Amino acid sequence: MAQVLVRDLDDYIVARLKMMAKAENISLEQKFRDMAAREAMDVEARFEAASRRSREQTRGSALDSTALIREDRDQ
């Protein structure tokens, strides 16, 4: 497994994260792991949602670009 060193974190942020971890009965290290995993999965989910919307918008399109390309070429 990889390791990551995070430098120059604001003391307030670290204290806040420690309190959050303690409230969840987990270590600060586990809190960071959970946050990183959640962020990575959220990015993937947003990409999948955008891809799904794009497919839905273009599904069943009757547009034939051949005529448009020929018309443009003739000009």
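## Basis and secondary structure

Helices (H or I, at least four residues) and strands (E, at least two) are DSSP runs, numbered from the N terminus. This is a predicted model, in which local features need pLDDT of at least 70 and side-chain atom pairs count only at pLDDT 80 or more, while totals for chains, interfaces and linings use all residues. Residues are numbered from 1 along each chain as its sequence is written, and side-chain values use heavy atoms, without hydrogens and water.

The chain holds three helices and zero strands, in the order α-α-α along the sequence.

## Overall dimensions

The C-alpha trace spans about 70 × 25 × 25 Å along its principal axes.

## Surface

Buried residues make up 4% of the 75 in the chain (buried: under 20% relative accessible area; exposed: over 50%; partly exposed: in between; 1.4 Å probe, protein chains only). Carbon and sulfur atoms account for 53% of an accessible surface of about 7,200 Å² (Shrake-Rupley method, 1.4 Å probe; for residues, only the protein chains shown count as cover).

## Segment before α1

L9 is located in the segment before α1 (11-23). L9 counts as partly exposed because its relative accessible area is 35%.
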